[in-house]
Amino acid sequence: MKQPLVSVIVPTYNRPDSVSELVESLWRQTYRHLQIIIVNDAGEPVDEIRRLYPELDMTVVDLESNVRHVRARNCGLEHARGEYVMLCDDDDLLLPTHVERMLKEAADADLVYSDVEIFDYEWVGRTRRATRRFVFAYEHDEAAMRRFSTFVSSGCLYRKDLHDRIGWFDEQMYHYWDWDFFLRASAHGKVKRVPVASALYAFSQQGGNLSGVHEDMRPYLDRLSAKHGLGELPTKNFFLLLEEPEMQSRRAATEVLWDGEPFVSRRAKL
């Protein structure tokens, strides 16, 4: 039976050590028929990573100017040869059975996404070691997802022809591009949550990527609401939102697989 090709799109900007760990996690996948597309958004060179993993089908797309992450994903799509597409942020990780499980679950869906473990970390040399972890797993409720999205794009897998129905990623949605993508996919295809925390979402307290709502995000939230008719959306801190009774009621059981061990890349061993 022919194995479908999965094109993994990874935009990156000046994170060679993190993206090396992601590539290491892709090398460890039990499903091997992958095309890895690293879109270097005018950051420091990443060609070394391709040289360190010569057995992987890896394409590095070097952009001449910094176009930011949404446009970079669209640039990656231009190079995708696969029947399926998987999205990954350059600092996140996938456990070894992730692609295999997502592909199996996609047999009766247009887009599938997993639960995640969110982890804080410290750098030890060129390797991240988890200092704190918690599971992020919520029921798939499309009505509730119009008020607060629990869709995590890293590790999601979908049929590439979904873009024929909904278009590419909206480059006007610098923030909330993933929520917009989820809502459009849900309106034009079947979306399914897979109850396994096989994607690892990096969160650094120093970086503060989940620590609060920045002032510049409000216009994008309003744009998202107007585009999809969502009404007034809250601008609360991410962690405070998770404590809301509505969010607590949506918490779901999931399979936790990670042993907490780091993904030591070949770059870290140099």
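The model is predicted, so local features need pLDDT of at least 70 and side-chain atom pairs count only at pLDDT 80 or more, while totals for chains, interfaces and linings use all residues. Residues are numbered from 1 along each chain as its sequence is written, and side-chain values use heavy atoms, with hydrogens and water left out.

Asp90 sits in the loop between strand 4 (84–87) and strand 5 (93–94), strands being DSSP runs of E with at least two residues, numbered from the N terminus. With a relative accessible area of 6%, Asp90 is buried (under 20% relative accessible area, 1.4 Å probe, protein chains only). Its side chain makes a polar contact with the side chain of Thr12 at 2.8 Å; such a contact is a pair of N or O atoms within 3.5 Å, where within protein one must be able to donate a hydrogen and the other to accept it, and residues adjacent in sequence count only if both atoms are side-chain atoms. A polar atom of the Asp90 side chain also lies 3.5 Å from the backbone nitrogen of Tyr13. Beyond its neighbours within four places in sequence, Asp90 is in contact (heavy atoms within 4.5 Å) with residues including Val10, Pro11, Arg15 and Leu22.

As for the cysteines, a search of the whole structure turns up zero disulfides, a disulfide being a pair of cysteine sulfur atoms within 2.5 Å. Cys88 is in no disulfide either, the nearest cysteine sulfur being that of Cys156, 8.3 Å away. Cys75 is buried at 7% relative accessibility, and Cys88 is buried at 2%.

How values were computed
Helices (H or I, at least four residues) and strands (E, at least two) are DSSP runs, numbered from the N terminus. Buried means under 20% relative accessible area, exposed over 50%, partly exposed in between (1.4 Å probe, protein chains only).
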